[in-house]
Amino acid sequence: MPTRRTTPPDWVITRRRELGERIASCRRAAGLSQDQLADHVGVERRSIQRYERGERDVGFAVLLLIAERTGCEVVDLVRDIKAGPGGG
């Protein structure tokens with residue numbers, strides 16, 4: 001069984017921040033506060049803050065709910081976010 005990392009590598013954090021910036025942008029474009037989005041998604045406002053800052057991974061179900069509420073497509077939230085340290 002692989003050893004679990006306590007801190008993800010830098011490239012993962014960078015990609016997570018990219019996703020968070022897109023979530024924040026879609027939320028603002030939809031005219032929603034973090035509280036409003038949190039209520040719809042079923043998480044605490046603090047979780048939305050952490051997603052937007054790239055401090056926490058967004059689960060797929062939550063990502064679907066965020067996209068639905070903000071009117072953004074999931075594919076637009078994750079487009080061009082590459083895997084791996086080399087971006088490919």
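Here, buried means under 20% relative accessible area, exposed over 50%, and partly exposed in between (1.4 Å probe, protein chains only). This is a predicted model, where local features need pLDDT of at least 70, side-chain atom pairs count only at pLDDT 80 or more, and totals for chains, interfaces and linings use all residues. Residues are numbered from 1 along each chain as its sequence is written, and side-chain values use heavy atoms, with hydrogens and water left out.

**View 1. Glu52 in helix H3 (residues 45-53).** Helices are DSSP runs of H or I with at least four residues, numbered from the N terminus. Glu52 counts as buried because its relative accessibility is 11%. Its side chain makes a polar contact of 2.8 Å with that of Gln34 (N or O atoms within 3.5 Å, one able to donate a hydrogen and the other to accept it; residues adjacent in sequence count only if both atoms are side-chain atoms). Beyond four places in sequence, the contacts of Glu52 (heavy atoms within 4.5 Å) include Gly20, Ile23 and Arg27.

**View 2. The salt bridge between Arg16 and Asp57.** A salt bridge puts a side-chain nitrogen of Lys or Arg within 4 Å of a carboxyl oxygen of Asp or Glu. Here the N to O distance is 3.1 Å. The partners sit 41 residues apart, Arg16 in helix H1 (residues 10-29) and Asp57 in the loop between H3 and helix H4 (60-70). Arg16 is buried at 14%, whereas Asp57 is exposed at 52%.

**View 3. Arg45 paired with Asp35 in a salt bridge.** Their closest N and O atoms are 3.4 Å apart. This pair links helix H3 to helix H2 (residues 34-41).

Methods:
Helix = DSSP H or I, 4+ residues; strand = E, 2+ residues; numbered from the N terminus.
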